Every structure is written in C-alpha cells, then in structure tokens.
Amino acid sequence: MPKYNLALVLGGGGVRCMAHAGVFLELEKEGIHPDLIVGSSIGSVMGAVYAYKKEAEFVHDFARKFSSNRLALLLERYMTTDPHNFFSKLLSFFSFTAGFVHSYWNQGFLSYSLVKRAYQDVFGKDVLSSRTFNIEDCKIPFAALTADLNSGNAVILSRGDMAKAVFASSAMPGICKPVDWDDMSLLDGGVISLVPVLAAHLLGAKKIIAVDTETKIKASIYKNSIETIDTASSMRGYRWNMMETKMADIVLPLEGISEHSFYQFSHAGQCVEIGRRAIRSKMKEVKDLIAARPDNAKIRRRKELETFYPYVII
C-alpha cells in the first residue's frame with residue numbers, strides 16, 4: 001500500500017460540491033497539490049475531474065457547465081416549484097407517482113447511460129463516447145467511495161472506468177439505479193461516509209484535509225418527498241460524520257453553504273466562492289500541516305475506527 005503525505009477528502013452534497021472547485025483554485029495559486037484525492041457522491045465527480053486534469057480552472061469551468069446542464073436545471077425547476085399552487089401539487093403528485101412506480105420495478109429512474117449523456121453535455125459530445133477514462137490515468141492518485149448494496153461494505157474504487165466509478169459513487173438510492181461492478185451492486189458513497197476521511201486513511205494517507213459540504217440538521221418546511229428523503233439521509237449519517245471528520249487534520253469551514261439546497265445548481269457560482277473563502281481562511285494551517293510531522297495519535301484513532309468500517313479496496 002503506497003503512503004501519501006497529504007490527502008484531500010471531498011464530501012458530497014449536490015451543488016454544494018461546487019465549493020470544491022474554489023478549494024482547488026486557491027490551493028493551486030499557492031502551488032499546493034494533494035498527493036491523493038478521495039471523493040464521495042458528487043464530491044467524487046469534482047475530485048475525479050481535478051485528479052485527471054490537475055488544472056483548477058478546468059474544474060471551475062466544469063462547475064459552470066454542470067450548473068447549466070439541462071438535466072440539472074430540470075431538477076432544480078421541479079424542486080423549486082411553488083408547493084402551495086394547486087397545479088404544482090397536481091403535477092408533483094402525478095410525476096412522483098409515475099416515478100415511484102418506475103423506481104419500484106427498476107430500482108431507480110436514472111441509469112448510468114442517462115447520466116453519462118449528461119456528462120457528455122458537460123465535457124463535450126465526443127469525449128466520453130470516443131474513449132474510456134480510467135482512474136489509473138489520473139495525474140493525481142484518486143479514489144471514489146461507494147457502498148455495496150449486497151454486503152454493506154464500503155467500496156473504495158481506485159482503478160477502472162472513471163465515469164462508471166463516479167456515477168456509482170453519486171447514485172442516490174431510489175433515484176439512480178445501482179451500478180453492477182463485478183459481483184457487487186454499488187450505490188452512493190454518502191450512504192457509508194458523507195466525508196470519506198477513513199477511506200483516505202485506508203489508502204495510506206498520513207495527513208488529511210476534509211471539505212465537509214454537508215449541511216447541519218435544522219428545522220425546515222419540506223416542500224416535497226425528495227427534500228424529506230435527503231434530510232432523513234443526512235440525519236442517519238450525521239453522528240458518524242461528526243466522528244469521522246474529527247479524524248481529519250483540518251476540516252474546512254464552509255460558512256453559508258447550508259443556504260444552498262443540493263439541487264440548486266444555478267447557485268454553483270456562490271458555492272465556488274464559499275470554497276475559496278474557506279480554504280483562504282485555513283491556508284496558514286494547511287502550510288503548517290504540510291511542513292509538520294504526521295499526528296500519530298490521530299492516525300491511531302483512525303485505525304481504531306477501522307473495526308466499524310468493513311471495506312473493500314479495488
């Protein structure tokens with residue numbers, strides 16, 4: 001198992017993950033590149049793009065394109081429909097009923113092939129259809145965290161088809177179809193770890209910077225079933241997330257990120273700026289961390305948590 005001096009761990013959270021682009025921009029300005037990137041859910045998408053290109057401005061451009069993608073904007077329009085309007089309620093009822101029936105028989109209504117077309121809209125029509133991008137081709141070592149529906153294991157994908165890996169990592173249960181990978185059925189890595197600090201540790205990271213894009217639990221009026229499911233999912237993983245992020249050497253404070261719901265892709269620009277401010281506020285700590293010896297006490301505590309984290313590395 002290789003050893004990595006500095007790992008950057010990227011949490012999930014829909015459009016909130018665009019904050020990662022801001023983190024990359026500011027780190028690159030200081031000449032800092034992580035030795036390992038690990039992402040969960042949409043965080044894996046952002047991490048994969050940067051790990052492959054190693055160009056922060058490319059990731060920034062990707063965030064802008066992603067925010068104007070037709071599929072993303074369609075989701076945002078649906079989610080922001082006035083819940084008190086009668087016709088909106090009627091449309092939501094029939095669309096939810098049709099989606100539920102379809103999902104019941106198919107384990108989800110978004111397939112890998114459909115989302116791959118969305119990736120093609122972002123990258124360019126010929127990119128994903130003309131060749132396969134493998135994780136092994138990345139300029140920075142990269143891994144995507146997923147969850148195996150068959151065993152309950154955390155599955156850390158560090159090789160293979162990158163587009164398939166990041167889709168598996170961001171395949172929200174009930175919304176996206178599970179991804180077949182060998183004898184496993186893979187789903188959103190956020191089911192296992194919202195911010196995959198332990199995955200980075202298991203891959204050999206000595207020092208870990210975590211970008212926690214998850215919003216904290218708060219009282220709200222939920223407009224539809226998807227918001228309710230998202231909040232319930234966050235509640236389920238909230239305590240483990242607090243424990244796991246404490247295992248990081250630095251956790252970036254994303255002030256204001258909770259104001260942006262995961263589906264508000266038109267807010268990508270604001271999220272990028274939040275990421276930039278967060279890493280600038282911690283830049284001295286980051287530089288001190290790089291120069292310092294690894295915190296052996298923290299490494300031991302991470303190792304103790306392995307017992308509660310059944311996993312497979314691919």
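A residue counts as buried when its relative accessible area is under 20%, as exposed when that area is over 50%, and as partly exposed in between, using a 1.4 Å probe and protein chains only. By this criterion, buried residues make up 52% of the 314 residues in the protein. The structure is a predicted model, in which local features need pLDDT of at least 70 and side-chain atom pairs count only at pLDDT 80 or more, while totals for chains, interfaces and linings use all residues. Residues are numbered from 1 along each chain as its sequence is written, and side-chain values use heavy atoms, with hydrogens and water left out.

The protein has 13 helices and nine strands. These elements are DSSP runs numbered from the N terminus, with helices (H or I) of at least four residues and strands (E) of at least two. The accessible surface comes to about 14,800 Å², and 56% of it belongs to carbon and sulfur atoms; such areas come from the Shrake-Rupley method with a 1.4 Å probe. With contact meaning heavy atoms within 4.5 Å, residues 24 or more positions apart account for 77% of the contacts with a separation of 6 or more.

Axes are lines fitted to C-alpha atoms over the stretch in contact, and angles run from 0 to 180 degrees between N-to-C directions.

| Pair | Axes come within | Crossing angle |
|---|---|---|
| Helix 1 (residues 19-29) and helix 2 (residues 42-53) | 10 Å | roughly 30° |
| Helix 2 and helix 8 (residues 162-169) | 9 Å | roughly 155° |

Angles under 35 degrees count as roughly parallel, over 145 as roughly antiparallel, 65 to 115 as roughly perpendicular and the rest as oblique. Helix 1 and helix 2 are therefore roughly parallel, whereas helix 2 is roughly antiparallel to helix 8.

On the helix 1 side, His20, Ala21, Phe24 and Glu28 meet Gly43, Met46, Gly47 and Tyr50 of helix 2. This contact has four nonpolar, three polar and one charged residues. The classes are nonpolar (Ala, Val, Leu, Ile, Met, Phe, Trp, Tyr, Cys and Pro), charged (Asp, Glu, Lys and Arg) and polar (the others, Gly among them).

Toward helix 8, helix 2 uses Ser44, Val45, Ala48 and Tyr52, which meet Met162, Val166 and Ser169. The residues here divide into five nonpolar, two polar and no charged.

Helix 1 is largely enclosed by the rest of the structure, because nine of its eleven residues are buried. Among them are His20, Phe24 and Glu26. Gly31 follows helix 1 and has a positive phi, near 75°.
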